Amino acid sequence: MCVGALVVGQSAFADDATLDKALVTLGAGRINDLFQSIEESIEAVGEEWRRVHLEKLPAEPEDYWKARMILDGETAIFRSWQDLESTPGYKFPYPALCSYNGDELDEGVRRTATELEALVPVIRAAYNSFDFSWVYCTTPNELFLIYPYLTMEEAVYNNPPTEQEFYSAANFEERSVGWTLPYLDLVGDGMMVTASFPVFDGDELLGVASRDITLDELADDVLGELANGANAITYIVDAQGLAIDASDPKIEKEIVSVNTEAKAPVLYFRTEENINEITDLPDGVQVSSFSLINTVTESVLLWFSPEGKAEVSSLMYDKEEAFTILASPIEATGWILIMIQIEEPEELPPADAE
């Protein structure tokens, strides 16, 4: 299969174009609905946090917290598993309440810990509503409540939590949910994105409520179903072509392997000629080895640019072999869902194919 230029035109699958456009729009809508539901759930956690704070619970005494403290350097975890014979394992259905203040237990730390402990039922319920990775709360004085359980070995990676991307992603100025770019989870859950909501009482910042979506879950939940239903390759990019997720296992493997090696999201679906158009490129940026995906993405990004058509569209590929290429925006994140109908998508050629 040759790799040539893309030409805007009438697809050979024109009779199915209306159905295909509806399908990709529906897929983007499902992802957008998922993100909006995640936003609503973490806002609900934040609202409950504010309500608990307004109750002005008395801080539990120092002895109460000392008796439950397990300390490793500056990281402390307070036991929440009195009914267990041993410490919970990774992702056990228990909360982990952490402090990154060493053994410091002044009144501010104790009061904050008391409030966070009161939030355990609501963050457990939020987690169970979607069962996506983690739900957690971070405070300005470096306390951290997370569900399900995070072991001490993993907890130390978040030190200090207020300097982590999941904290700074919150939209403090507009007091609304913010999203991270995809990033590599430090405790082994692969690439993920996080929604974070800043919680205020008047002008006082109580902290940030967050929850994660692993991209494997996103691929399994939406992209795979969409690809199978349309006999297509489906994938997601951000507005600059950053590779976020893909239904094709070979493409997904490249995303994971490149980003894992770099320990950062550095893989883009862009051509070598146009990659330098991106401002603030991350160190070690790479373009995908799949030329077809890169070339299609360049055209799709143009459609959704200010100068483009900004609509779901069809293309013909190289005038020799027809493909239907469709795209639809995901409003909650500004990402774009792209679908390419190919006769045999598992035979997608890499960049060096002739």
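1. At 43% relative accessibility, Glu-47 counts as partly exposed, a class lying between buried (under 20% relative accessible area) and exposed (over 50%), with a 1.4 Å probe and protein chains only. Glu-47 forms a salt bridge with Arg-50, and their closest N and O atoms are 2.6 Å apart; the term denotes a side-chain nitrogen of Lys or Arg within 4 Å of a carboxyl oxygen of Asp or Glu. Both residues belong to helix H1 (residues 17-54) and stand 3 residues apart, about one turn of the helix. An α-helix has 3.6 residues a turn, so residues three or four places apart point the same way.

2. On the basis of the model: this is a predicted model, in which local features need pLDDT of at least 70 and side-chain atom pairs count only at pLDDT 80 or more, whereas totals for chains, interfaces and linings use all residues. Residues are numbered from 1 along each chain as its sequence is written, and side-chain values use heavy atoms, with hydrogens and water left out. Helices (H or I, at least four residues) and strands (E, at least two) are DSSP runs, numbered from the N terminus.

3. Lys-66 is partly exposed, with a relative accessible area of 46%. Glu-62 is likewise partly exposed, at 34%.

4. Glu-298 forms a salt bridge with Arg-270, the closest N and O atoms being 2.9 Å apart. Glu-298 lies in helix H9 and Arg-270 in the loop between strand S13 (267-268) and strand S14 (286-287), so the pair ties together parts that are 28 residues apart in sequence. Both Glu-298 and Arg-270 are buried. Elsewhere, salt bridges that share partners join Glu-48, Arg-51 and Glu-55 into one network. The search of the whole structure finds 9 salt bridges.

5. Why is helix H9 described as largely enclosed by the rest of the structure? The description applies because 11 of the 13 residues of H9 are buried. Among them are Leu-292, Ile-293, Val-296, Leu-301 and Trp-303, as well as Glu-298. The geometry of the helix (residues 291-303) also agrees with expectation: at 1.5 Å a residue, its 13 residues should span 18 Å, and its end C-alpha atoms are 19 Å apart. The expected span is 1.5 Å times one less than the number of residues.

6. Glu-74, Asp-103, Glu-104 and Asp-106 gather in a patch of negative charge on the surface. Patches are made of residues with over 30% relative accessible area and no salt bridge, like charges being joined within 9 Å and nonpolar side chains (Val, Leu, Ile, Met, Phe, Trp, Tyr) within 5 Å. Glu-104 is placed in the loop between strand S4 (96-99) and helix H3 (107-118). At 38% relative accessibility, Glu-104 counts as partly exposed.

7. Two contacts link positions that are separated in sequence. Asp-72, found in strand S2 (residues 69-72), is 84 residues from Val-156 in sequence and 8.2 Å from Val-156 in space, C-alpha to C-alpha. Asp-72 is partly exposed, with a relative accessible area of 43%. Met-339, in strand S17 (residues 335-341), is 107 residues from Ala-232 in sequence and 6.4 Å from Ala-232 in space, C-alpha to C-alpha. Met-339 counts as buried, at 0% relative accessibility.

8. One joins Tyr-147 and Pro-148, with omega about 0°; Pro-148 lies in the loop between strand S6 (143-147) and helix H5 (152-155). The peptide bond from Asn-159 to Pro-160 is also cis, with omega near -10°, and Pro-160 lies in the loop between H5 and helix H6 (165-168).

9. Positive phi angles also call for attention. Glu-142 has a positive phi of about 65° although it is not a glycine. Glu-142 occupies the loop between strand S5 (135-138) and S6 and is buried, with a relative accessible area of 15%. Arg-175, which is not a glycine either, has a positive phi of about 55°. Arg-175 is found in the loop between H6 and strand S7 (178-179) and counts as partly exposed, at 37% relative accessibility.

Definitions and conventions:
Accessible areas come from the Shrake-Rupley method with a 1.4 Å probe; for residues, only the protein chains shown count as cover. Lys and Arg count as positive and Asp and Glu as negative; His and the chain ends are not counted. The place of a charge is taken as NZ of Lys, CZ of Arg, CG of Asp or CD of Glu.
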